[in-house]
Amino acid sequence: MVGRRRPRTSSKTLTEPAIFAKETSCECRAPHERLTTKQARHATPVDRPVRVYADGIFDLFHSGHARALMQAKNLFPNSYLIVGVCSDELTHKYKGFTVMTEDERYEALRHCRYVDEVVRDAPWSLSPEFLEKHKIDFVAHDDIPYSSAGSEDVYKHIKEAGMFVPTQRTEGISTSDLITRIVRDYDVYARRNLQRGYTAKELNVSYINEKKYRLQNQVDRMKEKVRTVEEKSKHFVYKVEEKSADLIQKWEEKSREFIGNFLELFGPDGTWKQMFQERSGRMIQALSPSGSPRGSPSGSPHGSPSSSPPRELSPLRSPSPPSHWAHSHARASSPPSPKAASASISSMSEGDEDEK
């Protein structure tokens, strides 16, 4: 099934406010033939659009109002939406006090994109004369019976005439719901407006309540400051923890590197031990007698550490002196003569040769 193409909305509707109904519109005497619903939906005359009328109070204009007007505008392929707004006098008489004045409500409707024309001071009940004056083809409203002004349903005669087209209400939002929220949270809104510069007289607030609200505002400001300080503290602590984690990680890496270098230098097979062994060998080589062969720290011709060291003449490992050396050494009280000294030196040489 091919859907009907919705007519393009004129640029005037989107860029300019809707016009107000002219007072002289009733002077138009041109014949007006009302259309049936079938004709409006399938055989709309090309010379004019279908004129649809929707009325209401429209206090605290909200999305529920806008959706109802959108449905009324799109009931037919080519339609002209006229919206009637009741005055403050009628509204206060039959329904109750309003939040917005009638002029504010008129202007709110003028700036809705679905509205083509606004009727000010609209009647509470639609008379045949009013319908003829504005050449209305259909009346759009939700289908719930609207009892008011001593009638069970003010749209009963419209329905009987076949001029009524129902729309759907938007659940969850209405002017009464908005007023209920304001009454329920009255203290919050009163405190907010006092803080913004409104006087207690303008808000109809007593002296005691004014002081109470101002004290509560001060307490709320202190709480907000404490909350701000807590957030900043948490952010600071988080930064410190992040930096601490980085420092600890870097310290662990450096400590591993330091321990590795220490073990490499002072470990069982470290560089320091090798250096110590090399220095010890050089010291032993330096302290060894000149008669030992060079290049062998132990005096062995092949440098083997297992070779026995040469027998040196030292106070600890010297061979037993010959009897004549002992005899001459015993005479320590008198200095030896030159002949005796040379004889002793020759005997020492012979003894060394025997030992070798």
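Asn217 lies in helix α10, and in this predicted model it counts as buried because its relative accessibility is 8%. Residues up to four places away in sequence aside, Asn217 touches Arg191 and Gln195, both of which belong to the set of α9 residues that meet α10. Among contacts with a separation of 6 or more, 68% are between residues 24 or more positions apart.

**Packing of α9 and α10**

- Two packed helices are described by the angle between their axes and the distance between the axes.
- For helix α9 (residues 186–195) and helix α10 (residues 207–266), the axes come within 9 Å and cross at roughly 80°, which makes α9 roughly perpendicular to α10.
- On the α9 side the contact is formed by Tyr186, Asp187, Ala190, Arg191, Leu194 and Gln195, and these meet Glu210, Tyr213, Arg214, Gln216, Asn217, Asp220 and Arg221 on the α10 side.
- Sorted by class, the contact of α9 with α10 has four nonpolar, three polar and six charged residues.

**The loop between α9 and α10**

- Thr199 lies in the loop that runs between α9 and α10, and it counts as partly exposed because its relative accessibility is 39%.
- The C-alpha atoms of Thr199 and Glu210 are 9.0 Å apart in space, while the two residues are eleven residues apart in sequence.
- Ala200 is found in the loop between α9 and α10 as well, but with a relative accessible area of 11% Ala200 is buried.
- Between Ala200 and Glu210 the C-alpha to C-alpha distance is 6.3 Å, for a separation of ten residues in sequence.
- Once neighbours within four places in sequence are left aside, Ala200 is in contact with Leu194, Val205 and Glu210; of these, Leu194 and Glu210 are also listed where α9 meets α10.

- In helix α3 (residues 63–73), the buried residues are Gly64, His65, Ala66, Leu69, Ala72 and Lys73.
- An α-helix has 3.6 residues a turn, so residues three or four places apart point the same way.
- The cover over the buried residues of α3 includes the strands β2, β3 (79–85), β5 (138–142) and β6 (164–167), together with the helices α5 (102–110) and α8 (175–184).
- Thr91 lies in helix α4 (residues 88–94), and because its relative accessibility is 1%, Thr91 counts as buried.
- Leaving aside neighbours within four places in sequence, the contacts of Thr91 are Ile57, Cys86, Gly96, Thr98, Arg105 and Trp124.

**Aromatic pairs**

- Counting ring pairs whose centres lie within 6.5 Å, the model has five aromatic pairs.
- One of them is the edge-to-face pair of Tyr53 and Phe130, with 5.4 Å centre to centre and 75° between the planes.
- This pair links distant parts of the chain, since Tyr53 is in strand β2 (residues 50–56) and Phe130 is in helix α6 (residues 128–133), 77 residues apart; Tyr53 and Phe130 are both buried.
- Phe58 and Phe61 form a tilted pair, at 6.4 Å centre to centre and with 45° between the planes.
- Within that pair, Phe58 is buried, with a relative accessible area of 8%, whereas Phe61 counts as partly exposed at 27% relative accessibility.

**Charges over rings**

- The charged end of Arg120 sits over the ring of Phe20, at a distance of 4.1 Å from the ring centre.
- Lys159 lies over the face of Phe164, 5.0 Å from the centre of the ring.

**Backbone positions with positive phi**

- Most residues other than glycine have a negative phi, and most peptide bonds are trans.
- Leu60, although not a glycine, has a positive phi of about 50°, and this residue is found in the loop between β2 and α3.
- Lys135 is likewise not a glycine and has a positive phi of about 50°; its place is the loop between α6 and β5.
- At 15% relative accessibility, Lys135 counts as buried, because the cut-off for that class is under 20% relative accessible area.

Terms used. Residues numbered from 1 in each chain as written. Predicted model: local features only at pLDDT ≥ 70, side-chain atom pairs only at ≥ 80, totals over all residues. Heavy atoms only, no water. Axes fitted to C-alpha atoms, helices over the stretch in contact; angles between N-to-C directions. Helix = DSSP H or I, 4+ residues; strand = E, 2+ residues; numbered from the N terminus. Parallel < 35°, antiparallel > 145°, perpendicular 65-115°, else oblique. Contact = heavy atoms within 4.5 Å. Nonpolar A, V, L, I, M, F, W, Y, C, P; charged D, E, K, R; others polar. Buried < 20%, exposed > 50% of the residue type's maximum accessible area, 1.4 Å probe, protein only. Phe/Tyr/Trp six-rings, centres within 6.5 Å; stacked < 30°, edge-to-face > 60°. Lys NZ or Arg CZ within 6 Å of the ring centre and 35° of its normal.
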